[in-house]
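Dear colleague,

I am handing over the structure we spoke about, and you will find it just below this paragraph. After it I set out what was found, and I would be glad if you read the notes with the model open beside them.

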Amino acid sequence: MKPQNYQRTLAFLKPDAVVRGLMGEIITRIERKALLITALKLVQLTREQAERLYEVHRNKPFFEKLVQHVTSGPILAMVIEGPNAVQTVRNLAGKTNPFEAAPGTIRGDYALDITKNIIHASDTPENAEREISILFQPEEIVEYAKPTEQKFSFSNNA
Ligand code: CMP
């Protein structure tokens with residue numbers, strides 16, 4: 001049974017992470033935390049998708065630069081599940097500004113630029129659902145459990 005605080009979230013590795021060859025490293029961190037990746041794909045975002053993803057920032061001075069960056073090359077989009085997944089993934093990512101992100105976090109270890117800050121992670125469960133629907137069809141999200149969370153039944157039948 002899933003715990004009460006079980007959530008799913010949306011994260012994507014920005015084009016800076018993909019072209020720097022950091023996909024494997026970052027996926028490893030997510031897996032090591034025992035979170036479950038239930039969907040994963042490389043996507044070339046359209047301008048329209050990027051604008052929808054970052055809708056809340058539309059009037060911010062950095063909006064255009066951000067949209068340009070995330071459409072400049074492929075992103076690696078993923079749906080991640082687990083207990084308190086929204087905050088847990090944001091903790092792995094570290095603070096938005098890489099100069100404030102602690103060493104040991106993804107941004108703290110790999111980023112020097114607030115636009116090219118390696119990873120985006122949803123900030124609320126509601127935004128996660130909205131962002132997931134922009135990037136994934138429901139059938140692309142796979143339901144499964146890790147062996148450690150499955151109940152095993154043993155049979156004597158040969
Ligand atoms: P992300 O987690 O993708 O969510 C919104 C993005 O906007 C953020 O990461 C940064 O890349 C960018 N951003 C947020 N604040 C600023 C800022 N003050 N100046 C430039 N870019 C910003």
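The largest pocket has a volume of about 440 Å³. This is a predicted model, in which local features need pLDDT of at least 70 and side-chain atom pairs count only at pLDDT 80 or more, while totals for chains, interfaces and linings use all residues. Residues are numbered from 1 along each chain as its sequence is written, and side-chain values use heavy atoms, with hydrogens and water left out.

A pocket here is an open set of points, on a 1 Å grid over the protein atoms alone, where a 1.4 Å probe fits and protein lies on both sides within 12 Å along at least five of seven lines; lining residues have an atom within 4 Å of a point. Grid points are joined across faces, edges and corners, and the volume is the space filled by probe spheres set on the points.

The pocket lining

The largest pocket is lined by 21 residues, and those nearest its centre are Tyr54, His57, Leu66, Thr96 and His120. By class the lining holds eight nonpolar, seven polar and six charged residues, where Ala, Val, Leu, Ile, Met, Phe, Trp, Tyr, Cys and Pro count as nonpolar, Asp, Glu, Lys and Arg as charged, and the others, Gly among them, as polar. Strand S4 (119-121) and helix H7 (125-135) each supply at least two residues of this lining; helices (H or I, at least four residues) and strands (E, at least two) are DSSP runs, numbered from the N terminus.

The ligand

An N or O atom in the side chain of Arg107 is 3.0 Å from a ligand oxygen atom, and for His120 the distance from a side-chain N or O atom to an oxygen atom of the ligand is 3.0 Å.

The strands

Strand S1 (residues 6-13) has six of its eight residues buried (under 20% relative accessible area, with a 1.4 Å probe and protein chains only), so it is largely enclosed by the rest of the structure. Strand S3 (residues 75-83) is likewise largely enclosed, because eight of its nine residues are buried. S1 and S3 pair in the antiparallel sense over eight bridges, pairing being called when DSSP finds at least two bridges between two strands. Within that pair, Ala11 stands opposite Met78 and Phe12 opposite Ala77. S1 also pairs with S4 in the antiparallel sense, over three bridges, and there the partner of Ala11 is Ala121. S2 and S3 run antiparallel and are joined by seven bridges, with Met78 as the bridge partner of Leu40.

Two backbone points

Ala34, in the loop between helix H2 (23-32) and strand S2 (36-43), has a positive phi of about 75° although it is not a glycine. Asn84, in the loop between S3 and helix H5 (85-93), has a positive phi near 50° and is likewise not a glycine.

With best wishes

Note on methods
Buried < 20%, exposed > 50% of the residue type's maximum accessible area, 1.4 Å probe, protein only. Polar contact = N/O pair within 3.5 Å; in protein donor to acceptor, adjacent residues only side chain to side chain.
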